[in-house]
Each structure stands twice: as structure tokens, then as C-alpha cells.
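The sequence and the three-dimensional model are shown here for reference.

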Amino acid sequence: MGRKYRARSSENVVDELEYISTELPEVREIFIEDDTFTADKKRILDVCNGIRERGLDITWSCNARANLDYESMKAMKVAGCRLLDVGYESGNDQILKNMKKRITTAESRQFTKDAKKAGLMILADFILGMPGETKATAEQTIRFAKEIKPNIVQFSVATPIPGTEFHDIASKNGYLLVDDIEKSLDSEGFQKCIISYPDFTKEDIEYYVDKALKAIT
């Protein structure tokens with residue numbers, strides 16, 4: 001839909017949280033499935049203040065970028081936030097730059113310290129196999145994940161979604177191994193690697209995902 005950002009009002013979000021709290025008491029936790037929820041600091045604080053002003057006793061979690069400030073995280077914790085699902089993606093700054101992530105590992109480190117200080121748990125998401133990935137950068141990401149010590153960690157193989165720049169690059173250069181994105185999942189719904197680079201093959205990507213999971217758990 002392009003790059004225009006359109007958000008529901010903070011009051012509208014709190015209305016829904018209140019509805020869930022009062023009408024669905026069996027719900028134990030709410031997850032705000034919004035990649036841009038933490039993009040607007042004022043909106044975050046408005047939502048948190050709304051939760052407190054209405055006296056809502058709820059537990060919730062959300063997606064967050066790894067550059068969220070400490071003040072916002074403190075407010076979120078007070079308002080019932082338990083966990084942040086964070087796309088760190090890589091422990092290598094050049095890979096992050098290739099992804100146009102607009103964040104650095106230094107910022108991610110500071111964010112992690114602040115989140116822990118605020119008392120929030122972290123689910124860290126990493127991707128192996130993005131353009132420019134090598135065995136060295138994969139090892140660096142594993143070391144980075146071990147360094148920041150998230151509460152929960154997830155490593156995934158990079159999947160080029162049709163319509164993205166990544167897909168265009170993979171298709172143009174012959175890195176894409178399938179012509180149907182549905183083949184990125186096996187019969188049981190588990191992710192499969194569908195890309196392979198000359199210097200970092202499909203087998204390498206799968207090996208390092210497996211190594212990373214074993215190294216962190």
C-alpha cells in the first residue's frame with residue numbers, strides 16, 4: 001500500500017483494550033500485532049496513559065523497533081506491557097544497512113539495556129541469509145545474540161517475499177530456488193530455505209540457523 005503511515009487513534013486502541021478487558025475476561029494477554037506501534041512516541045504514551053486513566057488491569061505485549069527510548073519503555077511497563085518482540089535481524093551493521101533497517105548494532109545494544117532496565121522481556125528475532133550474508137557475518141550475528149541475552153530468541157532463514165526489493169534481487173541474480181512462494185513452507189507449515197548464493201549456499205544458511213539455535217538455547 002506504499003509507505004504512507006496511517007494509524008488508529010490512541011483512544012480507539014484503548015477502547016478495544018477496555019472491551020477485551022471487560023467483555024472477554026478469559027483473555028490472559030493481548031498482543032498488539034502492529035509493526036509500527038512504537039514508531040510514534042506520543043501515541044505510545046497516549047495509549048499507556050489511557051490504560052492507566054481507565055484503570056485497566058491488562059497484560060500485553062507488542063512488536064517494537066530496536067531503537068525505542070527508555071522513557072517510552074518505562075511507561076509501557078507501568079501500563080501492563082510484559083514483552084517486546086524485536087526484529088534485531090542481524091549482528092552485522094553492513095547487513096542491516098543492506099536491509100535498509102535504519103538501525104545499528106550500537107543502537108540495538110543500548111535498546112536492549114534499556115528494555116531490561118525497564119523490566120521488559122525481549123523476544124529477539126534474527127534472520128540469516130539476507131543479501132551480503134557470509135559465514136563470517138552469520139557467526140557475528142550468533143555472537144551478538146549471545147551477547148545481548150534475550151529472554152527468547154528466534155532465528156529464521158531469509159525468505160524473499162514477492163513485491164519486495166529482496167525478491168527482485170534474488171530473482172534477477174538467480175538466487176531464488178523456487179518459482180512459488182508457497183514452496184517456502186513444507187507440508188507441516190515449517191519454513192524452508194528457498195535461496196542460495198554462490199558464496200553462501202542454501203546448505204550454509206540452514207547450517208547456521210541450526211547452529212545459532214543450538215548456541216543460544
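Read from the N terminus, the chain has its elements in the order α-β-α-β-α-β-α-α-β-α-β-α-α, which comes to eight helices and five strands. The radius of gyration is 19 Å, close to the 17 Å that the globule rule gives for 217 residues, so the chain is as compact as a globular protein of that length. The model is a predicted one, and the values below are to be read with that in mind.

**The chain as a whole**

Taken along the principal axes, the C-alpha atoms fill a box of roughly 55 × 35 × 35 Å. Among the contacts with a separation of 6 or more, 66% are made by residues 24 or more positions apart. The charged side chains number 32 positive and 37 negative, and the centres of these two sets lie 6 Å apart.

**The nonpolar core**

Which residues touch the most other members of the largest nonpolar core? In this core of 57 residues, they are W60, M76, L84, Y88, F111, F126 and I195. Helix α6, which covers residues 135-148, contributes the largest share of the core, five residues. The surroundings of L84 can be listed in some detail: with residues up to four places away in sequence left out, L84 touches C62, A64, M73, M76, F111, A115, L120, M121, I122 and L123.

**Residues inside and outside**

I44 sits in helix α2, which spans residues 41-53, and counts as buried because its relative accessibility is 0%. Apart from residues up to four places away in sequence, I44 touches F37, T38, L68, S72 and M76.

Is E188 buried or exposed? E188 lies in the loop between α7 (165-172) and α8 (202-216), and with a relative accessibility of 65% it counts as exposed.

G80 is placed in the loop between α3 (70-78) and β3, and it counts as buried because its relative accessibility is 19%, a value under the cut-off of 20%.

| Pair | Separation in sequence | C-alpha distance |
|---|---|---|
| G80 and D57 | 23 residues | 7.3 Å |
| F166 and K117 | 49 residues | 35 Å |
| E188 and L56 | 132 residues | 39 Å |

**Two residues with a positive phi**

Most residues other than glycine have a negative phi. Against that background, E89 has a positive phi of about 70 degrees although it is not a glycine. E89 is part of strand β3, made up of residues 81-89, and its relative accessibility of 12% is the reason why it counts as buried. K100, likewise a residue other than glycine, has a positive phi near 60 degrees, and it is found in the loop between α4 (93-98) and α5 (105-118).

How values were computed:
Residues are numbered from 1 along each chain as its sequence is written. This is a predicted model: local features need pLDDT of at least 70, side-chain atom pairs count only at pLDDT 80 or more; totals for chains, interfaces and linings use all residues. Side-chain values use heavy atoms; hydrogens and water are left out. Helices (H or I, at least four residues) and strands (E, at least two) are DSSP runs, numbered from the N terminus. The radius of gyration is taken over C-alpha atoms; the globule rule is 2.2 Å times the number of residues to the power 0.38. Contact means heavy atoms within 4.5 Å. Lys and Arg count as positive and Asp and Glu as negative; His and the chain ends are not counted. The place of a charge is taken as NZ of Lys, CZ of Arg, CG of Asp or CD of Glu. A nonpolar core is a set of buried Ala, Val, Leu, Ile, Met, Phe, Trp, Tyr and Cys residues joined through side-chain atoms within 4.5 Å. Buried means under 20% relative accessible area, exposed over 50%, partly exposed in between (1.4 Å probe, protein chains only).
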